[in-house]
Amino acid sequence: MGSSGSPPEGDLLTISAKIVVAGGFGVGKTTFVGAVSEVPPMSNEAWMTEAGEGIDEIPPGGKSTTTVAMDFGRITLRPDLLLYLFGTPGQARFWFLWDDLSRGALGAVVLVDTSRIDESFAAINYFENDSDLPFVVAVNQFEGKPVHDLDEVRDALALDPSVPLVTCDARDRASTIATLTELVGHTLSLAVLSGPRELAGTIPHA
């Protein structure tokens with residue numbers, strides 16, 4: 001005899017939520033979205049040209065393209081939770097798009113490259129001071145780069161103790177899923193602490 005305590009899986013009410021993936025230029029946002037998306041990700045990448053010299057810094061590794069609008073992907077995190085991922089452009093001249101991309105979102109993942117940690121301050125400052133979105137900070141573990149203790153990274157970023165700090169490999173699906181799960185759990189814990197409220201950006205589906 002089946003349990004009557006929960007509805008059959010086919011009767012689950014699915015909610016969808018918008019997640020922002022942010023960070024500095026070349027930190028791995030496009031890779032993160034592409035690694036986890038269960039549909040072909042949409043990426044507004046453009047070739048970097050001589051016209052950008054003196055405006056856009058070229059990160060180590062010879063990155064030749066840049067996101068000029070957003071990245072987009074989708075993942076079913078649980079049978080009842082569908083996430084739509086929106087990756088922000090990292091260059092300062094496109095930061096005006098961040099407000100639009102963050103509107104109605106459930107939360108944000110801020111990716112950090114510890115070899116260029118100073119370029120993370122602007123993204124963290126945005127979510128600490130200019131947005132009310134819950135967020136987690138994820139240290140992207142680039143191949144061949146030194147691995148730093150998370151307590152040291154937190155100190156270097158002057159990150160508030162209440163903000164979760166995790167490591168991830170933006171190329172690895174399981175790792176990106178773990179980061180998104182951390183964000184959803186953090187957001188829900190804040191909702192419990194602040195009392196019942198409607199989750200921003202959720203849309204019920206039959």
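Two strands pair if DSSP finds at least two bridges between them. In this predicted model, strand β1 (residues 14–23) and strand β4 meet that criterion with seven bridges, running in the parallel sense.

Strand β4 spans residues 81–87. Six of its seven residues are buried, so β4 is largely enclosed by the rest of the structure.

**The chain as a whole**

The protein chain holds five helices and eight strands. Along the sequence they follow the pattern β-α-β-β-β-α-β-α-β-α-β-α-β. Overall values are listed below.

| Property of the protein chain | Value |
|---|---|
| Residues counted as buried | 44% of 206 residues |
| Contacts joining residues at least 24 apart, among those between residues at least 6 apart in sequence | 73% of contacts |
| Share of accessible surface belonging to carbon and sulfur atoms | 56% of about 10,800 Å² |

**Ser102**

Helix α2 covers residues 98–102 and includes Ser102. Is Ser102 buried or exposed? Its relative accessibility is 7%. Buried means under 20%, so Ser102 counts as buried. Which residues does Ser102 touch, leaving aside those up to four places away in sequence? Its contacts are Lys18, Val20, Tyr126, Phe127 and Leu133. Of these, Lys18 and Val20 lie within the residue range of β1, 14–23. Strand β1 is the strand that pairs with β4.

Key: Residues are numbered from 1 along each chain as its sequence is written. This is a predicted model: local features need pLDDT of at least 70, side-chain atom pairs count only at pLDDT 80 or more; totals for chains, interfaces and linings use all residues. Side-chain values use heavy atoms; hydrogens and water are left out. Helices (H or I, at least four residues) and strands (E, at least two) are DSSP runs, numbered from the N terminus. Buried means under 20% relative accessible area, exposed over 50%, partly exposed in between (1.4 Å probe, protein chains only). Contact means heavy atoms within 4.5 Å. Accessible areas come from the Shrake-Rupley method with a 1.4 Å probe; for residues, only the protein chains shown count as cover.
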